[in-house]
Amino acid sequence: MAKVTESLRSAGEDVLLLDSGGFLPQMSVDGGDLKKIAAAGFAGAKIMGYDGMNVTVGDLSQGVSFLKDEAAKAG
């Protein structure tokens, strides 16, 4: 997805990349740290060039301040 978006934007195309919500994990399936998993997800979204993301209840699983901090880091 990142390459396609980058390619279209480089060609001068208007691209709006949005996530509909449910982006962050509510529970770990392998015992991993949810905050690290969520931070990695935001890093990936930054690489892909997301323009916006809807927030759902599950996206608030680590708290509002965590969500705001990670979103700010991702731009």
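Glu-70 lies in helix α3, which spans residues 64-74. Helices are DSSP runs of H or I of at least four residues, strands are runs of E of at least two, and both are numbered from the N terminus. The structure is a predicted model, in which local features need pLDDT of at least 70 and side-chain atom pairs count only at pLDDT 80 or more, whereas totals for chains, interfaces and linings use all residues. Residues are numbered from 1 along each chain as its sequence is written, and side-chain values use heavy atoms, with hydrogens and water left out.

With a relative accessible area of 9%, Glu-70 is buried. Buried denotes under 20% relative accessible area, exposed over 50%, and partly exposed the range in between, computed with a 1.4 Å probe on protein chains only. When residues up to four places away in sequence are not counted, Glu-70 touches Ala-39 and Phe-42, a contact being defined by heavy atoms within 4.5 Å.

The buried residues of α3 are Phe-66, Leu-67, Glu-70 and Ala-74. Viewed down the helix axis, these buried residues fall within an arc of 100°, so they line one face of α3; the arc is taken over the directions from the helix axis to the C-beta atoms. The buried residues of α3 pack against α2. On the other side of α3, Ser-65, Lys-68 and Ala-72 are exposed. Just after the helix, Gly-75 adopts a positive phi of about 85°.

Side chains of opposite charge can pair when their charged atoms come close. A salt bridge is assigned where a side-chain nitrogen of Lys or Arg is within 4 Å of a carboxyl oxygen of Asp or Glu, and by this rule the count comes to 2 salt bridges. One of them joins the side chains of Glu-70 and Lys-73, with an N to O distance of 3.0 Å. Glu-70 and Lys-73 are separated by about one helical turn, because they are 3 residues apart in helix α3. Glu-70 counts as buried at 9% relative accessibility, while Lys-73 is exposed, with a relative accessible area of 57%.

A salt bridge is also formed by the side chains of Asp-51 and Arg-9, at 2.6 Å from N to O. This pair links distant parts of the chain, 42 residues apart: Asp-51 is in the loop between α2 (34-48) and β2 (52-53), and Arg-9 is in helix α1 (residues 2-10). Asp-51 is partly exposed, with a relative accessible area of 43%, and Arg-9 likewise counts as partly exposed, at 31% relative accessibility.
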